[in-house]
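Subject: Structure handover

Hello,

My notes follow below it.

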Amino acid sequence: MSGQKKSIIELALIYRQIPIVLAGFLCLIGVYSFFTMSRQEFPEFKARQGLVIAAYPGASSQQVDLQLAKPLQDYLFGYKEINRKKTYSVSKEGQTVVFVSVADDVENPDVFWSKLRLGLQEFKSLLPHQVILLIGDNNFGDASAMLFSLTSQKRTYRELETYLSKLEDMLRRNEKVSQIKRFGVQKEKIIIRVDSDKMAYYGINPSLIAGALELESLAGYGGEIVSGDL
């Protein structure tokens with residue numbers, strides 16, 4: 001029995017100084033890494049997934065599959081940067097969505113998506129003219145961290161939009177802010193009510209009123225000033 005080969009566990013129990021030294025060494029490495037390793041509250045990462053969305057109004061699921069999904073998939077697989085094993089499409093009546101995954105060896109996926117968007121614009125001309133939408137979207141890396149809401153019972157919609165623009169200008173001064181999006185902005189509307197009897201009496205139709213209002217928004221030529229190098 002004494003000649004049998006001992007296991008690693010038995011050797012660790014016999015020579016316990018060795019596992020103690022290894023455990024202490026690993027603890028020192030952990031403490032050193034804790035104080036020296038880089039870390040961020042919101043770490044940056046490269047999103048390798050994206051969507052290619054196409055709209056084909058009025059087409060059946062079979063037409064979408066044959067005339068849109070299949071040619072689009074063949075076109076996308078022509079890019080070597082795409083991971084074919086993780087790329088798939090979902091089609092239904094009137095639209096198809098391709099879930100695109102970029103290969104791991106691509107260092108800058110954003111550059112590839114910029115190239116793909118330009119290619120999709122050219123490829124759209126080869127599809128049926130009823131296809132009204134063909135876009136690529138990979139904007140999944142940014143996270144919404146803060147929401148501001150503006151409301152007032154005394155200010156008009158135009159005044160609120162002015163205050164919103166000032167708030168956006170202030171937030172953009174922060175280098176950590178990447179994107180600012182507006183949601184639920186209420187546009188100011190002017191409603192004109194006319195007397196149909198008076199319009200009939202003076203022989204005015206609605207198109208004349210619309211034309212007169214349209215002329216008010218035109219900017220005419222105001223002349224020029226020549227002064228030195230200006």
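Which residue in β3 is the bridge partner of Gly-50? It is Val-100. Please keep in mind that this is a predicted model.

The sheet

That bridge belongs to a longer pairing. Strand β1 (residues 49-55) and strand β3 (residues 95-101) run antiparallel and share 7 bridges. The whole sheet is open and has 4 strands. Their order is β2-β3-β1-β4, with antiparallel pairing. The edges are β2 (88-92) and β4 (133-137), each of which pairs on one side only. On average, neighbouring strands are turned by 10° against each other, with direction ignored.

The helices

Two helices lie across these strands. Helix α3 (residues 61-76) lies across β1, β2, β3 and β4. The angle between α3 and β3 is about 25°. Helix α4 (residues 109-123) lies across β1, β3 and β4. Against β4, α4 runs at about 175°.

The core

The largest nonpolar core has 24 residues. Val-52, Leu-72, Leu-76, Leu-116 and Leu-134 have the most contacts inside it. At least two residues of this core come from each of β1, α3, β3 and α4. Helix α4 supplies the largest share, with 5 residues.

Setting aside neighbours within four places in sequence, Leu-116 is in contact with Val-52, Tyr-75, Leu-76 and Tyr-79.

The rings

How many aromatic pairs are there? The count comes to 7. One of them is Tyr-88 with Phe-99, which is stacked.

Phe-112 and Trp-113 form an edge-to-face pair. Here the centre-to-centre distance is 5.9 Å and the planes stand at 70°. Both Phe-112 and Trp-113 are buried. These two also belong to a cluster linked by ring pairs, along with Tyr-75, Tyr-79 and Phe-123. Tyr-75 and Tyr-79 came up above as contacts of Leu-116.

Best wishes

Definitions and conventions: Residues numbered from 1 in each chain as written. Predicted model: local features only at pLDDT ≥ 70, side-chain atom pairs only at ≥ 80, totals over all residues. Heavy atoms only, no water. Pairing = 2+ DSSP bridges. Axes fitted to C-alpha atoms, helices over the stretch in contact; angles between N-to-C directions. Contact = heavy atoms within 4.5 Å. Core = buried A, V, L, I, M, F, W, Y, C linked by side-chain atoms within 4.5 Å. Buried < 20%, exposed > 50% of the residue type's maximum accessible area, 1.4 Å probe, protein only. Phe/Tyr/Trp six-rings, centres within 6.5 Å; stacked < 30°, edge-to-face > 60°.
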